[in-house]
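Me: I am new to this structure. Can you walk me through how to read its features?

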Amino acid sequence: MIETAIQQIFNAAQLGAVYALIALGYTMVYGTIRLINFAHGDIFMLGGFIGFLLVTLIPGLPVAVMIPLAMLLTAMVGVLIERAAYRKLRGAQRMSLVITALGVGIFLENLVRILVGPQARQIPAQLPNKVLKLANGVVITEDKLLIIVISLLLMVILWIFVNKTLIGTAMRAVADNRDAVQLMGINLNLIIATTFAVGSALAAAGGIFFGQAYSIDPYMGIDLGWKAFIAAVIGGIGSIEGAVIGSFLLAGVEVVTVAYLSSNLKNGIAFGLLIILLLIRPNGIMGRAELKKV
Amino acid sequence: MGEPRKTHVTFRNVAVATLIVAALVQLLGNAGLFNNYYLHILAIIGMNIILVASLNLVNGYMGEFALGHAGFMAVGAYAAALIALKLPLPALARLPLSLAGGVLAAGLVGYLVGLVTFKTVGDYLAIITLGFNMIIVNAIQNIDYLGGPRGLTAIPKGTNLVTVAVCTVLTYWILRNLVDSIYGRMWLSIRENAIAGELMGIDVNRVKNLAFTIAAAFAGLAGGLYAQYQQFITPKSFDYLKTTDILVMLYLGGMGSLSGSILGVVFYTLLMELLRNILGIVAPQLADMRMLLSPLILVLIMLTRQYGLMGNREWRWLLPDEKKAEGSDA
């Protein structure tokens, strides 16, 4: 009984780590330019496929090189998308921006589908996957543990980056008041591009981890993207700590649903949780209420 | 200002012409003299116009951001399909009753969802409505009585182009009068400034929910038509992708414009079909490319024409009579 519980906690932690890597991108972009970046789930998918292509095209590429390289390439795509599609609309009405993001997402899905085909693939084993025996007959594979540890490490690096560096301070300033920041001589375009780069890079890591643990296909970004987005909203969109908390909470609920109820219900339950939570705490767990200006 | 220009292009005349053309085309189609593929496209255009125009009430006229329209279409489609399939009704009563059932069911669900969602505003509203879309689809997938993921098949064919045309004209008649009514003004005032509207004595939540319920009911009508036209439905036809399609056509046509909703649907549908055929002729494997081109076109339109083709403008014949004097340049 306790063994299965611990086993499930590890499953939830692994899934939660992937959700968190995506949710952080959502929350950072929302924080800086108030955009629900509907294309972010597809950037996650793209990151997974870039990792997959790197592994298959360059045999023998060490995983310690492959992951950062895929993150870098995906970050470049993220910056490119911001430059080509979003920048011109920054001052426009918000809905055009959201619809543009929807369009970019559909474009990415179909691009990958046309390039590599619609079938699901698994990223060939890269992480060591020996089975570790913990006490009381609890077993966990090394790759699962590594995924959790590397993800947490990335989150810590992000936290230090946002809270302790100069550019991180500028990012938080942009989130707080975009207009005042420009008066202070901060290069707004650079800060927003950095936000997209960092968010996309984290999503790419999530995509690779997901493709390692489960499988990747061109349409996975829709489902996973939505889950991560829900996680970000549950945590309080715009808050980095909130995104992480929300992700692990959502993953926990999902794992319990699959284990004790039915796997068919997990999407419904995820959204149900979201709606209930928003009704109790309209700004999420860590979110702050926005003032109504009259 | 001044006397309205004399013209025969009035709402009534356009409506009558639409019905006559639809009836003629249907008759020719039945006789094998009109290509059935074109007939099919016309019917799809009609159903999509109902969907897009009704969503325009919420997103365009009221300025809220609802994202779950396909969910209400699903409710209407399943309700209508169940009535047509399971109730022993005479053929003549089946179509109106099943459509009415679809409208009522979708309206009711819309009302209940609205009660919950309008406690929040802005982005959260978008998220919650989309959440309900997913919950509805997910619930249908898990109910065996509704066929689960396989859907419902062998629904009696109750709809043809004439039925669709009648429903579209009726929808436009109602929407046009609603937008011109006191409620229409309240929706506009909520879009422009909800707080000011509240201070003027508008019960904002109630009026918002009214628009939402009406929009959901029309989505149910489109769903009912679709179920009895296509004769089979699966939960997948009503998921996030369908909602996206509806949004694309809505924003393409323009917000707050009933003329734009027609234009957006016709333009997008014809464009997609043309791309399919032209690319298919050049090389069959290129037909896939249209799925790449359509989002690109959407992004380009958003970058160049933020308010869509007809944002906040209206064709003269769609304007209510007293506004014609002021005129619209469109």
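Reply: Gladly. Keep in mind that this is a predicted model. Start with the second largest pocket. Elements of both chains line this pocket. From chain A comes α4 (94–116), and from chain B come α2 (36–61), α8 (204–230), α9, α10 and α11 (290–304), each supplying at least two residues of the lining.

Me: What is the volume of the second largest pocket, and how many residues line it?

Reply: The volume is about 1,100 Å³. The lining has 35 residues. Look for B:Leu241, B:Lys242, B:Asp245, B:Arg290 and B:Met291, which lie nearest the centre of this pocket.

Me: How does the lining of that pocket divide by class?

Reply: Count the residues by side-chain class. The second largest pocket has 17 nonpolar, nine polar and nine charged residues in its lining.

Me: Now the cavities. How many are there of 30 Å³ or more?

Reply: A pocket is open, whereas from a cavity the probe cannot get out. The count here is two cavities of 30 Å³ or more. The largest cavity holds about 70 Å³ of space.

Me: Which residues line the largest cavity?

Reply: From chain A, the lining includes A:Tyr26, A:Phe38, A:Asp42, A:Glu109 and A:Trp226. Chain B is present too, with B:Tyr240. Next, look at the helices. In chain A, α2 (40–57) and α9 (220–235) each supply at least two residues of this lining. The largest share, five residues, comes from α9(A). By class, the lining of the largest cavity divides into six nonpolar, three polar and two charged residues.

Me: And which residues line the second largest cavity?

Reply: A:Phe38 and A:Leu102 line it, along with B:Leu67, B:Leu130, B:Tyr240, B:Thr243, B:Thr244 and B:Leu247. Helix α9 (residues 240–253) of chain B gives the most, with four residues. The classes are six nonpolar, two polar and no charged residues.

Me: Let us turn to charges. How many salt bridges does the whole structure have?

Reply: To read one, find a Lys or Arg nitrogen within 4 Å of an Asp or Glu carboxyl oxygen. Over all chains, the search finds nine salt bridges. In one of them, the side chains of A:Arg87 and A:Glu82 meet at 3.4 Å, N to O.

Me: Is A:Glu82 buried or exposed?

Reply: Under 20% relative accessible area means buried. A:Glu82 is at 1%, so A:Glu82 counts as buried. A:Arg87 is partly exposed, at 21%. There is also a network here: salt bridges link A:Glu82, A:Arg87 and A:Arg90.

Me: What about B:Glu273 and B:Arg276: how far apart are they in their helix?

Reply: Three residues, in helix α10 (residues 258–282) of chain B; that separates B:Glu273 and B:Arg276 by about one helical turn. Their side chains meet in a salt bridge at 3.3 Å, N to O. B:Glu273 is buried, with a relative accessible area of 13%. B:Arg276 is partly exposed, at 36%.

Me: Which residue does B:Asp239 pair with?

Reply: B:Asp239 meets B:Lys236 in a salt bridge of 4.0 Å, N to O. Check both partners again. At 18% relative accessibility, B:Asp239 counts as buried. B:Lys236, at 60%, counts as exposed.

Notes. Residues are numbered from 1 along each chain as its sequence is written. Chains are lettered from A and ligands numbered from 1 in the order in which they are written. This is a predicted model: local features need pLDDT of at least 70, side-chain atom pairs count only at pLDDT 80 or more; totals for chains, interfaces and linings use all residues. Side-chain values use heavy atoms; hydrogens and water are left out. Buried means under 20% relative accessible area, exposed over 50%, partly exposed in between (1.4 Å probe, protein chains only). On a 1 Å grid over the protein atoms alone, a cavity is a set of points where a 1.4 Å probe fits but cannot get out, and a pocket is an open set with protein on both sides within 12 Å along at least five of seven lines; lining residues have an atom within 4 Å of a point. Grid points are joined across faces, edges and corners, and a volume is the space filled by probe spheres set on the points. Ala, Val, Leu, Ile, Met, Phe, Trp, Tyr, Cys and Pro count as nonpolar, Asp, Glu, Lys and Arg as charged, and the others, Gly among them, as polar.
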